[in-house]
Amino acid sequence: MPLDGEVRARRFTAEADEPGWEVDPEDEWGVAVLATVGRQLRLRRESAGMRAAAFAEAVGYGEDLVYKVESGKRIPRPEYLDRADAVLGASGLLAAMKDDIAKVRYPKQVRDLAQMEARAVEFHLYDPLNIHGLLQTSDYARGLLLMRRPAYTPDEVERFVAARVGRKAVFDRDPAPELGFILEEWTLRRPLGGSDRLRGQLEHLLAVGRMRNVELQVMPMDRQEHAGLAGGIEVLKFSDGSAVGRSPVMAGGRPVTDLRQLRILELRYGIIRAQALTPRESNTFIEHLLGET
C-alpha cells in the first residue's frame, strides 16, 4: 500500500539522517567503492532518461537520499540497490554490488583483520576481557554489543554482529589453520545478555573444541601466577614464515611485524598457555560450567 505524503516524508527524512550508513572518510577503499557505486547508479539513471525526483519516487526513497548515494556520501541499503536494479532494468548488475557495499559497512580495522586471518595458517589468541570474537555465537555477540555505553544503535549492533560472523569463515578453510585460544574463567561464568545466551555460547565452545585443528584452554581464576595481566595477545603466522602480532600494550594496539616485538608477544603467550588448564582439562571445565547454567 502506498505511503501517504506525510508518512513518506518522515521516512525519507529518517533514512537520510540515520546514523551508521556513512563511510569513514579515512577509509580510502570504502570511499572508492561508494564513489564507483554512486557513479554507476547515476549513469544508469541518466541513460534511462530519469530525473532524480522521478527515480526517487519509483524506488520509494527520498530525492535527497538519491543525491547522497550517487555522490558517494551515503551507503545504499541492499533493498535500495534491488529496487534501483529493477527500475533501471540493470539485469542484476546493480544488485550484484551488494556484496562490496556490505563490506564497506564493516569497520576498516575489522576488514583488515579479516584479510590477515584469511591468510594465516596458525593463530595464537588470548582475550582477558571477553570470549574471543572468533568463538562468539551471533546471539552472544549481540548480547555483548548491547552492553556498550554509550549504546550502539540497533543498526550498528547488527552491523558489528555481521562482521564477527563473517570472520568465522576461518573455521571452514581447507586446509584448516591451527587455532589456539586461551579463555579466562570469568568470561565463561558471567551471563552477559542472559543465561540462555551463555548456555548457547558454552555449547558452541564445546563443539569448536572438538575440532582437530582447535585448542581451547581455560585460565582458572584461582591461579596464583598469571602472565596475561598486561592485556590481550594476537599472533598470526603465515605460510611464508612471516607473522604479525597485536596487543593493546604494544605499539598502541597496532599490528606489529618487528621480530623483537613478536618474540615478546610469543613469550607472553607461551607462559600464559603453560599456566592455563590443558585442552582436555578445559573441555571438562566448560562441561561443568554448562551443567551449572
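**View 1. Overall fold of the predicted protein.** The protein has 13 helices and 5 strands (DSSP runs: helices H or I, at least four residues; strands E, at least two; numbered from the N terminus). Its C-alpha atoms fill a box of roughly 70 × 45 × 35 Å along the principal axes. Of the 293 residues, 43% count as buried (under 20% relative accessible area, 1.4 Å probe, protein chains only).

View 2. The average pLDDT is 89, and 92% of the residues score at least 70 (pLDDT is the predictor's confidence in each residue, from 0 to 100). Over residues 1-14 the pLDDT is below 50. Beyond near neighbours in sequence, this stretch has 10 contacts in the model (heavy atoms within 4.5 Å).

**View 3. The largest nonpolar core.** This core has 30 residues (buried Ala, Val, Leu, Ile, Met, Phe, Trp, Tyr and Cys joined through side-chain atoms within 4.5 Å). Phe123, Leu135, Phe171, Phe181, Leu188, Leu202 and Leu205 touch the most other members. Elements giving two or more residues include strand S1 (120-127), helix H8 (138-146) and helix H11 (195-209). H11 gives the most, with 5 residues.

**View 4. Surroundings of Phe171.** Neighbours within four places in sequence are left aside. Phe171 then contacts Leu134, Leu135, Leu179, Phe181, Val208, Met211 and Val214. Another core lies apart from the largest one; its 25 residues include Leu34, Leu65, Val66 and Leu94.

**Notes.** Numbering starts from 1 along each chain as its sequence is written, and side-chain values use heavy atoms, without hydrogens and water. In this predicted model, local features need pLDDT of at least 70 and side-chain atom pairs 80 or more, while totals for chains, interfaces and linings use all residues.

How values were computed. Buried < 20%, exposed > 50% of the residue type's maximum accessible area, 1.4 Å probe, protein only.
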